[in-house]
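Hello,

Here is the structure we spoke about. My notes on it follow below.

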Amino acid sequence: MSFHFEDVNGLRVARAGTGPRLIIAVHGITASLMAWGAVARRLPAGWTLVAMDLRGRGHSAGLPGPYGLPRHAEDVLRVAEHVGATGDTVLTGHSMGAYVAALAAARRDFARVVLVDGGIPFPPLPEGVDPDEALAAALGPALDRLRRTYPSAEAYVDFFRAHPAFRGRWSDDVERYVRYDLTGPDGALRSRAVAAAVLEDGRWLHTAQAEAAAALEAVKSPLRLLRAPRGLLDQDTGMLPDDLVAPWTARLPGLRDEVVPDCNHYTILFGERPVATVVDRLTS
């Protein structure tokens, strides 16, 4: 199943499928709409997935700031209106996109909201820790790639192949995701993601915990959380460990929490078995 692209107020929007039931999908902080390619290919009949490049990413990179997650949520709601979202529409987001989805769902109802390894507010930073430093420590190679140029598309692909999250887990879906992100002249290719957008959004994630919490509490739609047991760098602890999530499952009795086996923060959207679980929870 391939994506069909259109422009919505400067945002690159893609659709896959022709079914009447809609899923609106939001990607992560340095990602693009192609993060949802594996999910789109596995949709059952009767469903359509709509994904967008957030401003400052992908083919929406040219849209100006200010950035920040509330701005992205406004863009998501504009796209939802454009595609004719109804009360039967499902909203989902991965990583930073899950926080954006929660902000959007606090403002309008959806059939359900599925948060994929994100959406739960991070703990406050220790005193004296700079948010940019915290973001760099968390993202590691994902942030480093925004500061570099690459002599060829193959060199960029090789950079991703060496990423701990993808080592031994490469697939055609991952390669399409990586190649979509490239721009620039031969010999000086670079990621489409705008570093200023990534940093501004990262600051929001690490300093606006109260706003993220208020959004979660304001969501009236059924809420589901899908977590990866392994982290961004394939480390043993996931981005949302049990001790971070447990207070929220107690605080929001309607929040359904599930750990998806055998995946990390990235491969939850690329591995065969994790993607099958994600698709099932989105469509049933």
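**Pocket and sheet**

The lining of the largest pocket has 16 nonpolar, seven polar and no charged residues (nonpolar: Ala, Val, Leu, Ile, Met, Phe, Trp, Tyr, Cys and Pro; charged: Asp, Glu, Lys and Arg; polar: the others, Gly among them). This is a predicted model, in which local features need pLDDT of at least 70 and side-chain atom pairs pLDDT 80 or more, while totals for chains, interfaces and linings use all residues. Residues are numbered from 1 along each chain as its sequence is written, and side-chain values use heavy atoms, without hydrogens and water.

A pocket here is an open set of points on a 1 Å grid over the protein atoms alone, where a 1.4 Å probe fits, with protein on both sides within 12 Å along at least five of seven lines; lining residues have an atom within 4 Å of a point. Of the 23 lining residues, F122, A138, H206, L232 and M239 lie nearest the centre of the largest pocket. Helix α4 gives the largest share of the lining, five residues (helices are DSSP runs of H or I, at least four residues; strands are runs of E, at least two).

The open sheet has eight strands in the order β1-β2-β4-β3-β5-β6-β9-β10, with mixed pairing (a pair needs at least two DSSP bridges). β1 (4-8) and β10 (255-259) stand at the edges with a single partner strand each, so one side of each has no neighbour in the sheet. Strands β5 (residues 90-94) and β6 (residues 112-116) are parallel, joined over five bridges; H94 has V116 as its bridge partner in β6.

Regards
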